[in-house]
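Trainee: Could you show me how to read a sheet and a pair of helices in a model like this one?

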Amino acid sequence: MIVQELEPDRNREGRWLATLDDGRKLRVGEQEVLDYSLYVGCELTEEQIGEMEEMAGRSRRRERAIDLLSRKPMSEKELSDRLFRWGAGEEEIRDVCQRMEQLGYLDDSAYAGRIVRHYTSKGYGERRIRDELYRRGVPREMWDQALEELPDPQDTVESYISAHLKGKSGDPKEFKRVSDALVRRGFSWSTVSEAMNRFRREEKLNGEEEDF
């Protein structure tokens, strides 16, 4: 195959567009231009074309990984799954992940802490946060250190109960609704039950003081 045209890719800085005499277009990087001594009129074998297409594919996947991680932090497992869907093999996935770690784009430990802080700020409990760490592929050996940032669950539960039951302390259906919601948010039933009992006692005491 003969290279009929070779020009910079206007859509990608540092990329080149090579047009072959059969109409195919190869998007290659500057390194491929140098390695294969590309110029208008040079002849390429099908093997060379295949090698350049594979190298270009690797380059595109690496660029997509950087672009993705710069916008959205994720775990190594999440990035590996994404690279696999993009067509990368095991060796390439390993190489890209190692490179992303070197560049500071990939850090499972920091990501675990970020997840804990995010879901804590939304009022979720430890069980729900553990589910999220598992779902996002964070290695288990990094969970404990991240979970040390969790506040006392009683404080969160009591605040939630007070916000949702104030003025409804006599409605058993409301109590059940709030209790179920807290359990779904990842708090243990014992923590929820203790907080509920304290709320009842305090509401009853406040009511007696008002009657007096």
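Mentor: Helices (H or I, at least four residues) and strands (E, at least two) are DSSP runs, numbered from the N terminus. This is a predicted model, in which local features need pLDDT of at least 70 and side-chain atom pairs count only at pLDDT 80 or more, while totals for chains, interfaces and linings use all residues. Residues are numbered from 1 along each chain as its sequence is written, and side-chain values use heavy atoms, with hydrogens and water left out.

Trainee: In what order do the three strands form the open sheet?

Mentor: Strands of a sheet pair through backbone hydrogen bonds, either parallel or antiparallel. Here the order is β1-β2-β3 with antiparallel pairing, where two strands pair if DSSP finds at least two bridges between them. The edge strands, β1 (3-8) and β3 (25-29), each pair on one side only, and five bridges join β1 to β2 (residues 15-20).

Trainee: At roughly what angle do the axes of α2 and α4 cross?

Mentor: Two packed helices are described by the angle between their axes and the distance between the axes. The axes, lines fitted to C-alpha atoms over the stretch in contact, with angles running from 0 to 180 degrees between N-to-C directions, come within 11 Å for α2 and helix α4 (residues 90-102) and cross at roughly 40 degrees. That makes α2 oblique to α4, because angles under 35 degrees count as roughly parallel, over 145 as roughly antiparallel, 65 to 115 as roughly perpendicular and the rest as oblique.
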